[in-house]
Amino acid sequence: MSDALAFRDVTCVRGGRTLFEGLSFAIAGGGAALVSGPNGVGKSSLIRVAAGLLRPAAGEVVGLPIRALLAEAAALDPGLRLFNALGFWATLDAEPDPRERVPRALDAVGLAHIAEVPVRLLSTGQRRRAALARVVASGAPVWLLDEPANGLDVASVAMLERLIAEHRAGGGTVLVATHTPIALPDAVEVILGDPSC
Ligand SMILES: Nc1ncnc2c1ncn2[C@@H]1O[C@H](COP(=O)(O)OP(=O)(O)OP(=O)(O)O)[C@@H](O)[C@H]1O
């Protein structure tokens, strides 16, 4: 079976500095990879390369083309009610039944009760869960999660772990960069700053 996501000899240069060089790893459908390493080593940059937002200086990223990104910014219109803000993206992202995915995603992240609240009024953790709902509603087979546990309380981290496990059980693939320990069974380990990588 072909890989859902693979880095092949990827080199990433930012601001004239080589962050990583010749990096290769592959994730199959249903699999996960965990990116770790000290501050500033290039974890977020690696996620951006996987998302196609940053061009590698060398090498290539291959795999399924539809990837959902959870990054620092939630990318939800602060002036819209949460349901509508997610609906905007679901209509662009998801095939088929984009609108039906939003209530399901809100339920999945425990935010159904505030679906009509404007995004600007959400707390930090709620905003993070809303960003996760956007990924869930996208229907993308590949999830790219940059520090997904930031701002989440213990119960919400457990919810995140459950959502990732369900996505994988359905054949989905996850690439996670995190400082916060989260359960990611059988994940490929990508340790940046390690000369053997
Ligand atoms: N737009 C940019 N232009 C130039 N250099 C950048 C840019 N964005 C980030 N960098 C640099 O790239 C390096 C890696 O940053 P990155 O955010 O990928 O690291 P990180 O491992 O995710 O860090 P942290 O753990 O602190 O979140 C840092 O030295 C950073 O200053």
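I count Ala, Val, Leu, Ile, Met, Phe, Trp, Tyr, Cys and Pro as nonpolar, Asp, Glu, Lys and Arg as charged, and the others, Gly among them, as polar. The model I looked at is predicted.

Entry 1, ligand shell. I listed the residues that surround the ligand: Arg14, Gly15, Leu19, Gly37, Asn39, Gly40, Val41, Gly42, Lys43, Ser44 and Ser45. By class I get 7 polar, 2 nonpolar and 2 charged residues in this shell.

Entry 2, strand S3. I looked up the partners of S3 (residues 32-36). Strand S7 (residues 173-177) pairs with S3 in the parallel sense over 4 bridges. In that pairing I find Ala32 opposite Val174 of S7. Strand S8 (residues 188-191) is also joined to S3, by 4 bridges, and the two run parallel. Here Val35 stands opposite Val190 of S8.

I checked how H3 (residues 98-108) packs with H4 (residues 124-138): the angle is about 135 degrees and the axes are 8 Å apart. Angles over 145 degrees would count as roughly antiparallel and 65 to 115 as roughly perpendicular, so I note H3 and H4 as oblique to each other. The crossing of H3 past H4 is right-handed. On the H3 side the contact is made by Arg101, Val102, Ala105, Leu106 and Ala108, and on the H4 side by Ala133, Val136 and Ala137. I sorted this contact by class as well: 7 residues are nonpolar, 1 is charged and none is polar.

Terms used:
Residues numbered from 1 in each chain as written. Predicted model: local features only at pLDDT ≥ 70, side-chain atom pairs only at ≥ 80, totals over all residues. Axes fitted to C-alpha atoms, helices over the stretch in contact; angles between N-to-C directions. Parallel < 35°, antiparallel > 145°, perpendicular 65-115°, else oblique. Left-handed = near helix turned anticlockwise from the far one by under 90°. Contact = placed C-beta atoms within 7 Å. Pairing = 2+ DSSP bridges. Near = placed C-beta within 6 Å.
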